[in-house]
Amino acid sequence: MSNGVVVLVAVVILVGFFSMQHYGTDRVSWLFAPIVLLWFLLIGGIGIFNIWKHGSSVLKAFSPVYIYRYFKRGGQEGWTSLGGIMLSITGTEALFADLAHFPVSAVQLAFTLIVFPCLLLAYSGQAAYLMNNLDHSQDVFYRSIPGTAVVIVMLVTTFLMIMIMILVWRCHWILVLIFTGLSLIVECTYFSSVLFKIDQGGWVPLVIAGAFLVIMYVWHYGTVKRYEFEMHSKVSMAWILGLGPSLGLVRVPGIGLVYTELASGVPHIFSHFITNLPAIHSVVVFVCVKYLPVYTVPEEERFLVKRIGPKNFHMFRCVARYGYKDLHKKDESFEKKLFDNLFMFVRLESMMEGCSDSDEYSLCGQKTVQSMDGMLSNNGNTRTASSNMDISVSSLDSIEPAKSPPHVKSSGQTSSQTEVDELEFLNNNRDAGVVHILGNTVVRARRDSRFYKKIAVDYIYAFLRKICRENSVIFNVPHESLLNVGQIFYV
């Protein structure tokens, strides 16, 4: 095909790819998986045909003896020629990116059984063809590919692997030294050979990589500064308790879901909200969405709920946990699942209170640590009980010194009635309306900042924040139930 046809076909494929991307990576992968599988099988089959037709002697190249003879015979030219065969190993670095979409076992099986054998056959077939058609060597595709950035990716991956072996796996230093030596011998050899191709087009991927490095650094800098501001300016529980059950305002019917990045403490945006508005909802739930470095989080372990302050405050915290494969943007029932877990927490909390046998410590004025231990041993749902126990006991938000109880329960009847009352209270407020309150902390550079910092923060980071998908879009929050509360933070 001519270059014009190739470009046209590529444009059509890209347009079709991005037009389907909103359906999710799983749908796109199911569509492209048969195409990619067919591609590898075809190039592997063509390789087998070329080896059979033009001679199987090319398979001798798998012997390491020939690379020694090649370097000995070719000298410096043989060394610099390594830059021309980078295409044969490109794509391996993409395996690490694929881990964000597929399980480790799937990537291992696909590469070991399909990708690697087909690539070996394809390149061996090309070599067999070129042995009998030397005049066609100028048409080899990899001459147009600058492979420089790929080698740098491999070097970075090796150095990161060394850190993992030392800090995470705690391997013996001799094993680390052997891995480092063998890896760097191969990769530094390739890296030094492709340096001659920088002026032949290798500078293009380096410039693109540098631009993306600047963008990622600005995004990381702005995000870290915003999170540090929220961490240092979060409201203490003493201040919340000092406001009383009404929080110093009028408690109106309804449930307010306050989204925050903090998994502990009360965010500053909440104090900003109640300071400027005369009312707050009767039930307040602080929702924190966390992305864990795991493939997926099971549905039964996704939501962690605890209470903030005494019961009559009606304040809760819910941490929603997602893995990198979980498609939370399709979670249309997010609000329903959140309330289901909130109601389950209230029931479990009431059951814990019913079996309380000590007043050494009081959770929200009533729960005890010993009652949690009894609940953990008596309740069959070990996972849920342990999750709630771990969060509640370890949090200073809901533990306060015990005082002499006004009365001692002799049975679980009172706690059951309390559970019914609170569940009815939550249901009534849910029927009254749910409002999603999103904090929008705007980061700005100080007036005395240098010009490059102002450009990075006021323009680049602001643009990245603008195009970033917000929680309201991810969880399909209707506009009529959305309330944005903004504040400006200068760095």
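Here is a chat about how a few labels get attached to parts of this predicted model.

Reader: What should I know about the model before we start?

Author: It's a predicted model, where local features need pLDDT of at least 70 and side-chain atom pairs count only at pLDDT 80 or more, while totals for chains, interfaces and linings use all residues. Residues are numbered from 1 along each chain as its sequence is written, and side-chain values use heavy atoms, with hydrogens and water left out.

Reader: Why is Cys288 called buried?

Author: Buried means under 20% relative accessible area, exposed over 50%, and partly exposed in between (1.4 Å probe, protein chains only). Cys288 has 0% relative accessibility, so it counts as buried.

Reader: And what makes Cys171 partly exposed?

Author: Cys171 comes in at 23% relative accessibility, so partly exposed is its label.

Reader: How many disulfides are there, and how do you know?

Author: A disulfide is a pair of cysteine sulfur atoms within 2.5 Å. By that rule the count is 0 disulfides. Take Cys288, which is in no disulfide: its nearest cysteine sulfur belongs to Cys318 and sits 9.2 Å away.

Reader: What makes a group of residues a nonpolar core?

Author: It has to be a set of buried Ala, Val, Leu, Ile, Met, Phe, Trp, Tyr and Cys residues joined through side-chain atoms within 4.5 Å. The largest one here has 24 residues, and those with the most contacts inside it are Leu257, Val285, Phe316, Phe334, Leu338 and Phe339. Elements giving two or more residues to this core include β1 (250-260), β2 (279-291) and α12 (334-354). The largest share, 7 residues, comes from α12. Helices (H or I, at least four residues) and strands (E, at least two) are DSSP runs, numbered from the N terminus.

Reader: Which residues is Val285 in contact with?

Author: Contact means heavy atoms within 4.5 Å. Leaving aside neighbours within four places in sequence, Val285 is in contact with Ile255, Gly256, Leu257, Val258, Phe316, Cys318, Leu338 and Leu342. Another core, of 19 residues, lies apart from the largest one, and Met237, Ile269, Phe286 and Met315 are among its members.

Reader: Why are α9 and α16 called roughly perpendicular?

Author: Axes are lines fitted to C-alpha atoms, for helices over the stretch in contact, and angles run from 0 to 180 degrees between N-to-C directions. Under 35 degrees is roughly parallel, over 145 roughly antiparallel, 65 to 115 roughly perpendicular, and the rest oblique. Helix α9 (residues 203-232) and helix α16 (residues 451-467) pack at about 90°, with axes 9 Å apart. The two helices are therefore roughly perpendicular to each other.

Reader: Which residues meet there?

Author: On the α9 side they include Trp219, Tyr221 and Arg226, and on the α16 side they include Lys453, Tyr461 and Arg465.

Reader: Is His281 buried or exposed, and how do you know?

Author: His281 lies in strand β2. At 12% relative accessibility His281 counts as buried. Among the residues it is in contact with, beyond four places in sequence, are Arg251, Pro253 and Ile437.

Reader: What about Thr80?

Author: Thr80 lies in helix α4 (residues 76-80). Its relative accessibility is 26%, so Thr80 counts as partly exposed. Not counting residues up to four places away in sequence, Thr80 touches Ser193 and Phe196.
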